[in-house]
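Please find below a short note on the structure under review.

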Amino acid sequence: MTPNEHRWLRLSLVVVWLWTAFASVWEWNGQSLALLAPLPGAWQEIKPVLIGGGAVIDALLGMWLWWRPGRAAYSAALVTMLIMTLLATAIDPGLWLHPLGPLSKNIPITAALCLLWRHSGGKDDGTGEKKGRA
C-alpha cells in the first residue's frame with residue numbers, strides 16, 4: 001500500500017467515525033432513540049447515556065484516527081466497533097438484514113482497519129511510512 005493509499009483509507013474511516021458521532025447527536029430524538037426502541041422499558045433512563053456515550057466514543061476515535069493514527073488507534077477502533085456491533089445485534093438482530101447495511105458495513109470496515117494496522121508497523125504518522133529512529 002502506498003503512503004497516499006494508506007492516508008486516503010485512514011481518512012475515509014475518520015469521516016465514518018466523525019459523521020456517526022454527528023448523526024447520533026443530530027438524530028438524538030429521532031433515529032438514535034428509534035434504534036434503541038427494542039430495549040425493555042427498564043432501560044428507558046439509560047438510552048440517553050448510550051446515545052451520548054456512543055457519540056463521544058465515535059468522535060474521540062475519529063479524532064484519534066485523524067491526529068494520532070497508528071496501531072493503538074486502529075486496535076481501539078476495531079475493538080470498539082466489534083463491541084458496538086455486538087450490542088446492536090443484541091438490541092435488534094434485524095439490523096443485519098437492513099437494505100442499507102448499518103451492521104454489515106462493519107465487515108469491510110474491519111478489513112480496512114486490519115489493513116491499516118498491518119501496514120502501520122509500529123510508530124507511524126498515518127501515511128504508512130515507518131519513521132526511523134533519530
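Over the ring of which residue does the charged end of R71 sit?

1. The ring in question belongs to W117: in this predicted model, the charged end of R71 lies over it at 3.8 Å from the ring centre.

2. Aromatic pairs number three in the structure. One of them joins W66 and W67, whose rings are stacked, with 5.2 Å centre to centre and 15° between the planes. The pair counts as stacked because planes under 30 degrees apart are classed in that way.

3. The two members of this pair fall into separate accessibility classes. W66 has a relative accessible area of 42% and is therefore partly exposed, whereas W67, at 55% relative accessibility, counts as exposed because the cut-off for that class is over 50%.

4. A cluster is also present, in which ring pairs link W19, F22 and W26.

5. The largest pocket has a volume of about 1300 Å³. Its lining comprises 37 residues, of which T20, S24, L35, D58 and M84 are the closest to the pocket centre. Two or more lining residues come from each of α1 (3-26), α2 (28-35), α3 (47-67), α4 (71-91) and α5 (106-120). The largest share, nine residues, is supplied by α4.

6. As to the composition of the lining of the largest pocket, 25 residues are nonpolar, nine are polar and three are charged.

Key. Residues are numbered from 1 along each chain as its sequence is written. This is a predicted model: local features need pLDDT of at least 70, side-chain atom pairs count only at pLDDT 80 or more; totals for chains, interfaces and linings use all residues. Side-chain values use heavy atoms; hydrogens and water are left out. Rings of Phe, Tyr and Trp (its six-membered ring) pair if their centres lie within 6.5 Å; planes under 30 degrees apart count as stacked, over 60 as edge-to-face and the rest as tilted. Buried means under 20% relative accessible area, exposed over 50%, partly exposed in between (1.4 Å probe, protein chains only). A charge sits over a ring if NZ of Lys or CZ of Arg is within 6 Å of the ring centre and within 35 degrees of the ring normal. On a 1 Å grid over the protein atoms alone, a cavity is a set of points where a 1.4 Å probe fits but cannot get out, and a pocket is an open set with protein on both sides within 12 Å along at least five of seven lines; lining residues have an atom within 4 Å of a point. Grid points are joined across faces, edges and corners, and a volume is the space filled by probe spheres set on the points. Helices (H or I, at least four residues) and strands (E, at least two) are DSSP runs, numbered from the N terminus. Ala, Val, Leu, Ile, Met, Phe, Trp, Tyr, Cys and Pro count as nonpolar, Asp, Glu, Lys and Arg as charged, and the others, Gly among them, as polar.
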